[in-house]
Each structure stands twice: as C-alpha cells, then as structure tokens.
Amino acid sequence: MDQDPVCGMKLRPGQEAASITYQDHTYHFCSSDCKREFERHPKQYITAGAASSR
Ligand SMILES: [Zn+2]
C-alpha cells in the first residue's frame, strides 16, 4: 500500500489524487496540495521515514 509522504495517509490503489517521480521513485499523494508541498520540500519528506526501502 502506498503512503502519502506529506500527510502520512495510507492510499489504496486508485485513491491517490496525484503522483510524482522523484529520484527514480514514485510518490503518491492524497491531494494536489500534498503534491505541491512535496515539491517544495522533497528532501524533508523523503527523510521523514516514508521511504519504502523494506
Ligand atoms: Zn496527503
């Protein structure tokens, strides 16, 4: 299951309202607002613990 790295919401397939590919990784968001927030501070949200390395 994907997780919105900005607000932490769990996203079911098809539920994501926006997505972006950043550094070869695709991130999904519950809204375009969260996507825009991610674009502003991508590193902040990637290092926040949402990385799906496992
Ligand atoms: Zn969100």
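This is a predicted model: local features need pLDDT of at least 70, side-chain atom pairs count only at pLDDT 80 or more; totals for chains, interfaces and linings use all residues.
Residues are numbered from 1 along each chain as its sequence is written.

Colleague: Which pattern does the protein follow, read along the sequence?

Modeller: Helices (H or I, at least four residues) and strands (E, at least two) are taken as DSSP runs, numbered from the N terminus. On that basis the secondary structure comes to two helices and four strands. Read along the sequence, the pattern is β-β-β-β-α-α.

Colleague: In which sense do strand 3 and strand 4 pair, and which residue in the turn has a positive phi?

Modeller: Two strands pair if DSSP finds at least two bridges between them, and strand 3 (residues 18–22) and strand 4 (residues 25–29) have five bridges in the antiparallel sense. Within this pairing, I20 stands opposite Y27. The two strands form a hairpin with two residues between them, and the turn residue with a positive phi, of about 50 degrees, is Q23.

Colleague: Why does Y27 count as buried, whereas A18 is partly exposed?

Modeller: A residue is buried if 20 or more other C-beta atoms lie within 10 Å of its own, exposed if 12 or fewer, and partly exposed in between, with C-beta atoms placed from the backbone. A18, in strand 3, is partly exposed because 16 other C-beta atoms lie within 10 Å. Y27, in strand 4, counts as buried because its C-beta neighbours inside 10 Å number 24.

Colleague: Leaving aside neighbours within four places in sequence, which residues is A18 in contact with?

Modeller: Two residues are in contact if their C-beta atoms, placed from the backbone, lie within 7 Å. F29, not counting residues up to four places away in sequence, touches A18 as well as others, including V6, C34 and F38. With its own neighbours within four places left aside, A18 is in contact with F29, S31, S32 and K35.
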